[in-house]
Amino acid sequence: MKRAILLSAFLLSQFGTSQLLKTQGQKIVNDKGENIQLRGLGLGGWMLQEGYMLKTADFAGPQYKIKEKIAELIGEDGMNAFYKAYLKNGITKQDIDFLKKAGFNSIRLPMHYNLYTLPIEKEPVKGQNTWLKEGFDMTDDLLKWCADNKMYLILDLHAAPGGQGNDVNISDNDKSKPSLWESEENQKKTIALWKKLAERYKDEPWIGGYDLINEPNINFTGKNPNGTDEMSNAPLWKLQKEITEAIRTVDQKHLIIIEGNGWGNNYNGLTPLWDNNMVFSFHKYWNNNDDATLKFALDLREKHNAPIWLGETGENSNVWFTELIQLLDKHNIGYAFWPMKKIDNIAGITNVKITPEYEKLLHYWKNGGEKPSKEFAEKALMQIADNYKFSNVEIKNDVIDAMFRQTTDGSTKPFKNLQAPGKISATDYDLGRMGAAYLDKDFINLWVSDPAKRSEWNSGNQLRNDGVDIYKGKNKEYYVGKTESGEWIQYTIQSKAGKAYTFDISYASKNPAKIRIEEASGKQLGSLSLQSTGGNEIWKTASVKGINLQKGENKIRIYFENDGVNLKSIEVK
């Protein structure tokens with residue numbers, strides 16, 4: 001507690017007056033009455049792992065299963081040592097400094113209750129709560145890093161005691177034990193945890209709010225196991241009201257954020273609002289970015305005259321990100337994208353690099369066979385923990401550009417400094433919106449609204465998060481593939497002189513094809529007929545002469561006039 005008091009005093013002295021958020025009708029405002037649109041990121045994968053983040057989803061979805069797999073190889077002590085390193089490296093001040101620089105003004109912290117208190121079955125005295133230092137210290141540190149950057153921190157109970165639904169990955173839910181809804185003890189522990197958190201942070205100006213229960217998904221009376229057809233949701237509203245009442249005994253200031261059933265969006269049966277400083281959270285994945293998909297949330301805001309917040313979204317293409325943020329800006333809705341870090345990732349702002357050694361562990365866990373030695377497994381896992389350090393992750397500048405610049409700026413920017421003469425990788429096309437930096441026919445995932453439209457956008461799932469399909473070849477070199485007639489890619493090339501160049505095109509194609517080269521203005525500079533190379537990764541070079549570039553900047557587009565041309569590089573000479 002002393003640590004929290006000192007932290008509060010530091011924050012108030014550093015920033016003078018409080019910046020506490022509150023509701024004002026349908027808006028979230030600060031204490032000066034200024035509208036605050038939360039532009040945030042959820043730290044998914046840190047305090048709580050889901051299998052897909054570590055590529056274990058096929059055999060271990062919830063975190064407790066992942067821990068079992070790790071302990072099988074390196075023992076309980078080794079597993080604990082891995083998680084200690086993982087948590088230490090997962091989020092640091094460097095990460096938060098980077099998020100601020102990128103443009104975010106808030107953080108959503110998905111908390112696992114077991115970092116703050118013991119499970120009910122492990123309590124030494126039944127019905128009492130043992131408080132754990134680890135989770136509170138991690139939250140204190142994170143809050144200080146956020147305050148240093150004048151960013152709001154929203155606390156999100158992502159894994160509640162017992163688990164809040166049937167989607168076990170989300171809440172690390174062990175079905176052999178009583179759930180949150182089946183156990184009064186678990187509910188009491190949840191209420192007590194929130195009261196403890198509120199007591200600790202009641203005076204902290206950079207705590208943005210309390211997100212009470214992430215994505216409840218449970219059938220109280222309905223047939224859908226995830227609660228999408230529930231009509232009253234009475235136990236959900238009752239518990240969230242009880243949590244609010246407990247918080248308000250110690251903290252009258254901070255926002256209370258509630259979520260509906262069915263992964264956050266089913267608000268059926270909502271009783272009259274029980275607090276005058278409350279925000280509705282909804283979640284949005286894999287559907288269209290239009291007013292129709294927001295109607296239920298906009299109606300909720302209008303009916304109750306209370307703000308709405310998109311508490312979780314992401315896992316889609318750059319096109320979808322840009323369109324979504326434009327839509328949210330139009331309606332003054334804040335958001336938190338998901339997640340911060342995961343392994344082998346193109347759709348987030350960072351990528352944790354996978355290793356061959358870790359892939360060997362994944363193969364064993366999935367398929368069996370010869371068991372890796374304890375020494376090998378320990379080394380492989382600690383390398384992955386080390387790869388979670390900010391200094392070791394790969395920053396995804398294309399995603400950041402799509403989330404910020406491209407939402408208001410339709411121009412293109414160079415992805416890399418490309419020079420003529422020089423060699424250009426096909427994957428180094430410009431940053432920019434679809435239709436400005438490139439044109440691709442599969443560029444978004446809308447499978448919730450129409451399963452027939454399910455698309456991986458970048459079907460090679462490598463390097464970048466646009467519609468352009470990028471693959472890693474057998475020789476570990478990257479190339480643009482799955483091209484279709486009418487698609488094109490643009491490159492910004494700096495020419496040292498105004499002159500005619502030869503373009504040597506490294507390509508592969510099963511069939512004869514044709515490409516053409518144009519300026520962004522539409523002026524044709526040349527065309528090239530390509531012979532069949534005999535396969536998708538059998539590479540040949542074709543040359544086209546007399547490509548006139550002006551001195552300085554040139555925006556050059558490669559148009560595909562046939563399907564199935566793979567492009568590896570362009571050498572300008």
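How much space lies in the largest cavity? The largest cavity holds about 80 Å³ of space, in a predicted model where local features need pLDDT of at least 70, side-chain atom pairs count only at pLDDT 80 or more, and totals for chains, interfaces and linings use all residues. Residues are numbered from 1 along each chain as its sequence is written, and side-chain values use heavy atoms, with hydrogens and water left out.

View 1. A cavity is a set of points, on a 1 Å grid over the protein atoms alone, where a 1.4 Å probe fits but cannot get out, and lining residues have an atom within 4 Å of a point; volume is the space filled by probe spheres set on the points, which are joined across faces, edges and corners. There are four cavities of 30 Å³ or more. The largest is lined by 13 residues, with Ile28, Ile36, Ile308, Asn332 and Gly334 nearest its centre.

**View 2. Glu518 in strand β20.** Glu518 is found in strand β20 (residues 513-519), strands being DSSP runs of E, at least two residues, numbered from the N terminus. Beyond its neighbours within four places in sequence, Glu518 is in contact (heavy atoms within 4.5 Å) with residues including Lys523, Leu525, Lys555 and Tyr559.

**View 3. Thr502 in strand β19.** Thr502, in strand β19 (residues 499-508), counts as buried because its relative accessibility is 19%. Although Thr502 and Lys573 are 71 residues apart in sequence, they are 5.3 Å apart in space, C-alpha to C-alpha.

Key: Helix = DSSP H or I, 4+ residues; strand = E, 2+ residues; numbered from the N terminus. 1 Å grid on protein atoms, 1.4 Å probe; cavity = no way out; pocket = protein on both sides within 12 Å on 5 of 7 lines; lining within 4 Å. Buried < 20%, exposed > 50% of the residue type's maximum accessible area, 1.4 Å probe, protein only.
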